[in-house]
Amino acid sequence: MNRADPTSTGLGPDERDDFADATRGLVESLDPCVVRNSRGRPVWDNDRWAFLAQDRPSTVHPSLWRIGQLNTLQGLFEVVPGMYQVRGLDGSNMTLVEGDTGVVVVDPLCSKETAETALGLYRRHRGGRSVKAVVYTHSHGDHFGGVYGVTDPDAVGAGECAIVAPAAFMEHAVGENVFAGPAMRRRAAYMYGATLPAGPEGMVGFGLAQGMSQGTFGLIPPTVTVEHTGQRLVFDGVPFVFQVTPDTEAPSEMNFFFPDHKVLLIAENASHTLHNVLTLRGALVRDAHAWAASLTESLQLFGEAEILIGSHHWPTWGRDNIHRFLTEQRDAYAYLHDQTVRLMNRGLTGAEIAEELTEFPGELGRAWSVRGYYGSLSHNVKAVYQRYMGWFDGNPAHLWQHPPIEQAKRYLAYMGGADAVLAKARVSYEEGDLRWVAEVVSHVVFADPAHTEARELLATTYQQLAYAQENGTWRNFYLTGAQELRAKEQSRPRPGFSLGSVDMISALTTAQVFKSLAVCVDGPRAAAQRLLLRWEFTGPDDTWTLLLCNGVLTPLHGDAPDGEKPQVTLRLARSALDRIVSGRSSFTDSVAVGALELVGDVGALATFESLLEQPIATFAVALP
């Protein structure tokens, strides 16, 4: 492999030799490193990054090229005797810790298929140890979605395998993956470059990883909850010492120390990149102040750690290197928080602060581990501003603006029309002011989406902006935007109704399922209706009532208030509801096969069903 020259990035030499750390302990690499599903479709293809072994072209930032080379290193790695990691087989790492009779799995990747492959790779070298516990470090899907590849609900229900997670895990896993899942997944396709071809002019990774697998996503609810820092638990003879870190990289997250191995697993709270205070795919704004404080606590609690591993990237060996790495990470989040607040209190807005804080100072600015491959200083300081001040920057002119299409039409009218704007934009393009070209030509496209010259100029501008980015997610957003602008046809919504995979839905409580349906109700159309639907579940027996009034769906456990009679009663197993809301079946089909019995006004159910709006999975982003 021709490693990217560190000096070409403007940084100092690679003192810790990340390439040596990333290959240390290699047991076996997969060849080919391609994982397929039961139908033979690839769900993970690490070999598509082979071009990164060549010399870097001018279309990729040298520092981004380097982190891509590191992230493509794949296989089974021994961390210490009895502890292994599988890296490069998905967007996250799987850690395996051998116990008295079996193995504990930490973070079972994104998909069932990649998790099965990772566990199989481990067993090929270490024998067929059974999985005694699965630990979710936090509530993001790439750290639990592959759980069905390492265990199943029967083993968990029988007490053969524990599922361990931090407090409030299910609440936040549901919030990110079901409630706002469709919008987040659409923007995630941009952020992760899901539709881009891999190559020097396309997708080269996004710093935290090279991609996310596209296999079977599931969730098995926790059976053991970690509630507080200092909590000690033992699974299959393996002792854990936990540090809970809520409101850091995820709203529900935890680190833990393996005292027998002197290994600290830092989850995703520290990675070999600057992370996101607000991810571009969308999420709750994270607390950079709390994040920095949690890393200070990690340094204080686990100073005896000799090896640090994480949910992404490669390990760090040696106490001095661990201390330096965690200090760099801590100070990065503290600096961007404190300096944003300082400038905010001088009256600057988020956009203005981002232009002031363009790089870290001194030694921090020369540290590889806080380069902006995944998060960026620019969008992170805007996120800190948003956390404190919200969307409004205080300027009255921004209090009640026209929406984008109406803004675009008015801008064009003031600026002399589309042709005049494009003529000036081409001059700005030649002068290198690509940020301004993107802004003004986007107005032309939103005012007239069929304007082919505007679309091509905007796409070309996005492309050139992408090639200059050290940040992989910015590159992917620009290139996917260009791809959307050049597409001959826009994606069409898929028919049918679905809230997600049946494995995911089955892990939710009934209250969570009904709350997920509530955000699909078309409120304006539903406002004239008052519906009461009684749900009688079997195996186990449970009763719920759904009240629809004022355009709001309210789930009520038990009977309706004041003895009001429901228009219709539905009798079914909970599994039948899971199949309906996951799109595997429908109310009509469930009645036909005997999975659903209706008593009362069948028309009330039909009215209710008609008021549910299917989320659009492929809505436009770069186009109106």
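1. Start with helix α3 (residues 112-126), which lies across β1, β4 (75-80), β5 (83-87), β6, β7 and β8 (131-135) and runs at about 35 degrees to β6. Helices (H or I, at least four residues) and strands (E, at least two) are DSSP runs, numbered from the N terminus. Axes are lines fitted to C-alpha atoms, for helices over the stretch in contact (heavy atoms within 4.5 Å), and angles run from 0 to 180 degrees between N-to-C directions.

2. A word on the source: this is a predicted model, where local features need pLDDT of at least 70, side-chain atom pairs count only at pLDDT 80 or more, and totals for chains, interfaces and linings use all residues. Residues are numbered from 1 along each chain as its sequence is written, and side-chain values use heavy atoms, with hydrogens and water left out.

3. Now the sheet: 8 strands form an open sheet with mixed pairing, in the order β1-β4-β5-β6-β7-β8-β9-β10. Its edge strands, β1 (26-28) and β10 (224-226), each pair on one side only. Two strands pair if DSSP finds at least two bridges between them.

4. T95 has V106 in β7 as its bridge partner.

5. Next, find S271 in the loop between β14 (263-265) and α7 (288-301). S271 counts as buried because its relative accessibility is 1%; buried means under 20% relative accessible area, exposed over 50%, partly exposed in between (1.4 Å probe, protein chains only). Leaving out residues up to four places away in sequence, S271 touches L208, H313, F325, Q329 and S369.
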